[in-house]
Amino acid sequence: MTDLDAMQEHEYTGRFNLALWRGVLGFVGVYRKLLIRLALLGVVMAACDVAFPILTWIILSIVRGEHPERWTLLGHRFNLWEMGAVYFAVAAAWSLAVGLFIRAAGRLSTNFAHDIRRRAFDHLQDLSFSFYDRHAAGWLVARLTSDCDKLSHAVSWDFLDIVWGTALLTGMAAAMFYIHATLALVIVACLPVLAAVSFLFQKWILRTSRNVRKTNSLITASYAECLAAIRTTKSLTREGDNLAAFQEQSGSMYASAVRNAVLSNTYYPIVFTIGTIVTGLALWAGGASVLRGAIEIETLIFFLFVAREFVFPILDMSRVFAELQTSQAAAERLLGLINTKPEIVDSSTGVSRSTGVPPMQKQEHGRDAHATPDHGQDARATHGRDAHATLAEDGLPARIDEVRFEHVSFAYKPGQPVLEDFNLTARRGQTVALVGPTGGGKTTIVSLLCRFYEPTAGSILLDGRDYRTRSLHWLQSSLGIVLQEPHLFTGTVRENIRYGRLDATDAEVESAARLVHAHEFIAAGEGGYDAEVGHRGERISLGQRQLVALARAVLADPQIFIMDEATSSVDTATEKAIQDAMHTVLAGRISFVIAHRLSTIRRANLIAVIDRGRIVEQGTHQDLIARRGRYYRLYTMQFAQVQTAEILGRGIGG
């Protein structure tokens, strides 16, 4: 299993971060009206909550027939029935406000979660490949699921509780001081104590919350990795070892979650205990005042009511405070992801990924490229991309006639070079085969060309211009890539091929499939082009997946074609048919082929033997065989058996 603890994980420190929450609220700015509505509803609810004990105080005064000034307003003296109607109206207003805020908070929470997930997902597609080298997929999924859910709850429900609690405490404090300042001071005296308790618990709860979020991300990453490798796990009977490793991670999660829950649940009863003591003090002080005749019984009842109700917003806000510690940990991780800067970006002359190619131009290019698939090299040399656009979206020439690696060096890790002073030139209409031992740097070369990574030294030139000055979207939309283990998406065969060009017609999809000899197995299968391929294409064989991926790349009509062992899993007869078809497909394009089969390499215009990040030999097949050097030794060691099989096959067939 991958050492998930070795993944890059930023350690967040510090106390409650207002600047961070301002960044979170920036995502809520588009819902400003909804946020204001929530705040107003919170104030209305708080006003109703304050009105209930005041109305009780007035009604009791009416019953006792004392202090008529309390139930007189604008010269009108209210009777008991009228005050009852007012009480009922306040209760109805409170119920309506609750219903409206539930609806508004639900909308805000859902919309916020949608927006921030979309922003994070969009940003993930902008990040460089090096970022994914350091972060497992499951680790990232945790950001877009549990962290996002925690944060969306905070910006809606917790925000409302804060507004309601603050307004209620302010209103009750004002009412208490208006009615009896001395008893009000007894109750309000609890606030400094509560502030001190909150200050002590803040650091502890936030630290454990961060540990919970971090461990949750690692568990999600481990879970996703185990599921993705379930066949390998079962074939090697590693279920027990995987379970032990998972139990270790889940045990760490359990310990962090228990510590967090203990602190949060300790904080709540401490606040409740303080509130209960305050209520008792109010009863003691108020009761003594009633016995002395200093206050009326209805005033004592009012303060007992308020003292009890005064605790509830404090309790609720203490709960919100504890939850905000967890939410801050989630916000730090989610905004940390969104604020991660891609290592590979467009230069000042480039165009962002979202700019794209004009849809009409893309359509016309596709039609011209595939309407006459067998017109040969001349037709391919002036395919749709050149016929309809002389300039790319960045205002520079759209056509690529030459790719040149100039003194390129690269290392995935500092001090461990993969390429050193690498030089190579490929021109339009030329197929370059990269051969050599495993780990020599062949895949790294094409990854640099695709700008999945960038050289640590030297430059890659497109028609004499550094490719870093060109639009990243334009460059990568000019590429067609087929890997040894191609990725198919859940869906139909047709949808997977059409992924190469979404506006392609069914006829164009079928034409591309016929060109790479994928049509035969597709048509023979149940459902044909509408057959489901399953998760990652597991319902069809690896060789069939390669053919579908090859058809997808052909449909995209790229200027630069890259094949990394793209036919390694198909039989020899199918590969020969594909090679014949690809001769037409590759004509008029720049092609890079990584392969070990002689039939693929022999057709290349240029063969480059790569070893330890350098070209040790290059030339045509005949030239390199004649030199009897490194390529000749590779040929005799690795390809002699294939050549013998081909000779025997021809002899038996003849």
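Strand β9 (residues 560-564) is largely enclosed by the rest of the structure, because 5 of its 5 residues are buried, where buried means under 20% relative accessible area with a 1.4 Å probe and protein chains only, and strands are DSSP runs of E with at least two residues, numbered from the N terminus. The model is a predicted one, in which local features need pLDDT of at least 70 and side-chain atom pairs count only at pLDDT 80 or more, while totals for chains, interfaces and linings use all residues. Residues are numbered from 1 along each chain as its sequence is written, and side-chain values use heavy atoms, with hydrogens and water left out.

Within β9, I560, I562 and D564 point one way, whereas F561 and M563 point the other way, and all are buried. Strand β8 (residues 479-482) pairs with β9 in the parallel sense over 4 bridges, pairing being assigned if DSSP finds at least two bridges between two strands, and I481 has I562 as its bridge partner in β9. Strand β10 (residues 590-594) also pairs with β9 in the parallel sense, over 5 bridges, and here I562 stands opposite F592.

Confidence is described by pLDDT, the predictor's confidence in each residue, from 0 to 100. The protein averages a pLDDT of 78, and 81% of the residues score at least 70. Over residues 1-9 pLDDT stays under 50, and the model has 26 contacts beyond four places in sequence for them, a contact meaning heavy atoms within 4.5 Å. Residues 349-389 likewise stay under 50 in pLDDT, with 77 contacts beyond four places in sequence.

Note on methods:
Buried means under 20% relative accessible area, exposed over 50%, partly exposed in between (1.4 Å probe, protein chains only).
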